[in-house]
Structures are given as structure tokens and as C-alpha cells.
Amino acid sequence: MVILVVATTADPASIGPASAFLAMPGWTPGPFIDEKIASYANGETRLLKHERSIVAEDDLDRRWQEATGESVSEVIFLSRHTAVSNRPALTVHPIGVPHLRIGDTPPQGGRPAWAAPPNPRVGPWFRLLRKIAIDQCLVPEFEVTLEATHHGPVVSTPTMFLEIGSTEEYWGRQDAAQAIALGLGLDGGNGVGKWDRNSYNKVLLAIGGGHYVPRHMDIIQSLSFTDSSVLLASGNNSRKEGVWVGHLLSGYSLPMEEPAQRKAGDQDKGIGGTWRQSIKVSLEATKSAFPGGVILAHLDQK
């Protein structure tokens, strides 16, 4: 099983962290997958560089396995972040557009009514990234934050995006790129976020709130969903790593329709819209990423 780290040469906030990864020892040229995709290998990690938009190359996990015979355990995309505020930021998020109706055209890749399994590293990497940013004096200049589940590309294995934002001035910052690159353990550390299906850990499925999920993030930063009765029953008294993070559904991913907006002939008298579909798709994707985990919904009712 290998980890795919994916970058695009079209994006300075993508190629910067990729270069920081490749500056670590142990890299060799990787297997061939496509004439327009370069690959590099380091232990169980494979770094891919292509020339297209980061959301345009679908099914890289499947294509890699078909080309090389190596199964993919997770995918990590490196990308720029944009925001109306233009505030400098380091962000982490799962991907998917589970709220879109079949037949809709996703504006930034993906497939309607789809969400990739969230990478178990999302929560641990976010907490590590925040610590690194503080230690390297990137905070308070940079905000370190989670983002809600959004956009593509289509993949089938646990996936997350790591992003540098929010303007051209910051996309190429090497100190930000270096901070992004320190979570896998290629610098001699152990890396973070390896899921243990026998750990009885609990996983947060966030529902509601804004794009930067502030109320959910408060839980993810400050609490551990440790259940002492489960720990005693399992004989596991080890200290927990913190909250594990599944999909993060903001309010815009939970579209609701008043009965007056429903289509003629629809017999369902409840609230319409694709909010049920969005929650169901995201729950199933989260369960697939955390086998053996206990999924807990956390609601922001604002």
C-alpha cells in the first residue's frame, strides 16, 4: 500500500510543498503512469506532479494501481487556497460535493452526490500544522484552519487537501510550504494520523455552520472523544490522539426547500432539498474511511 501526494506545476502553492517534500532524503524516480505525470518514490510514499488543474485529474488512485500494481491507501493533494478576505492561511479539508443533484455540473471537479472517504490524517495533521505554524512564527500572520468538504477531483480512497492561501503573495511562501510538508514523517519523524481499526476511537461528522466550521473546529482542537468505559472494556488505557475528523458539511452543503418549492406530484410532505442525500453520502464515506470507528454527529444549528 502506498500514499499518493499529488501536486501540479500550474500552482505555486502546490509545487512549493512538493519541492519541500522532495528536498527530504530518500527520494528516487518513481514508476511511469503517464507521459505528462512525473512520479517520485520514498518508502511507501509516491509524489506525483502533473500540469493540469489540481481538481482536473480524476481517479489518480485507480490509475496508479492499474499502471503500477501498487494499491493506494490514501491521497493527499497540495493546492492553493483563495478567499474573499485574502487573509494568509494554511488549510486542511476533505473533498466531495455530496449535495449536488445527479445531472448538476460541479463547478470545481468531483461528481454529483459523491464524497471521497475523508483521510484519517485530517484532524491530526490540522493539529500538528497549527503547532508547527506557531513554533515557526507563522501565527498570527497565517490562520491555520479546517475547511468544509468541497470540490473534487474524483477519488475512491481516503483523501484530503492541504492548502496555502490566500493570494499570490503567500502561495509561494517557502516557510508555509515547509510547514505543510512535515506531517508524513519523511523528515525522520513518525508522521501523524494512522488509523487503528481496533482502537474504538470516535469520529466527528460535522453538520452545519460556515465554510471554516468554527464551532466544529473548537471541538476538534480542544477535546478528545475518549470514552472511559470503552477503554476499560478494551483494556486500552493509552492516551488518545484527539478527535478524529470525518466529513465537514457546512450549511451550503445541506440545501433545504420549503414545501411550496417542491415539485408537483412529490408526496413527501417534509422539508425538501438534497440535505438528506448529503448527510447520507458523507456518513457512508466517513464510515468507510474509519473501519471500526464510532461516528458521532456534531451539529452547528446556527
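User: In this predicted model, are Trp 244 and Phe 290 buried or exposed?
Analyst: The model is predicted, with local features requiring pLDDT of at least 70 and side-chain atom pairs pLDDT 80 or more, while totals for chains, interfaces and linings use all residues. Residues are numbered from 1 along each chain as its sequence is written, and side-chain values use heavy atoms, without hydrogens and water. Relative accessible area (1.4 Å probe, protein chains only) sets the classes: buried under 20%, exposed over 50%, partly exposed in between. Trp 244 and Phe 290 are both buried.

User: How many aromatic pairs are there?
Analyst: Rings of Phe, Tyr and Trp (its six-membered ring) pair if their centres lie within 6.5 Å; planes under 30 degrees apart are stacked, over 60 edge-to-face, and the rest tilted. By this rule, the count of aromatic pairs is five.

User: What is the angle between the planes of Phe 142 and Tyr 170, and how many residues apart in sequence are the parts that the pair ties together?
Analyst: Phe 142 and Tyr 170 pair edge-to-face, at 5.5 Å centre to centre and 85° between the planes. Helices (H or I, at least four residues) and strands (E, at least two) are DSSP runs, numbered from the N terminus. Phe 142 lies in the loop between α3 (122–135) and β9 (143–146) and Tyr 170 in helix α4 (residues 168–171), so the parts tied together are 28 residues apart in sequence.

User: Which residue has its charged end over the ring of Trp 171?
Analyst: A charge sits over a ring if NZ of Lys or CZ of Arg is within 6 Å of the ring centre and within 35 degrees of the ring normal. At 4.6 Å from the centre of the Trp 171 ring, the charged end belongs to Arg 80.
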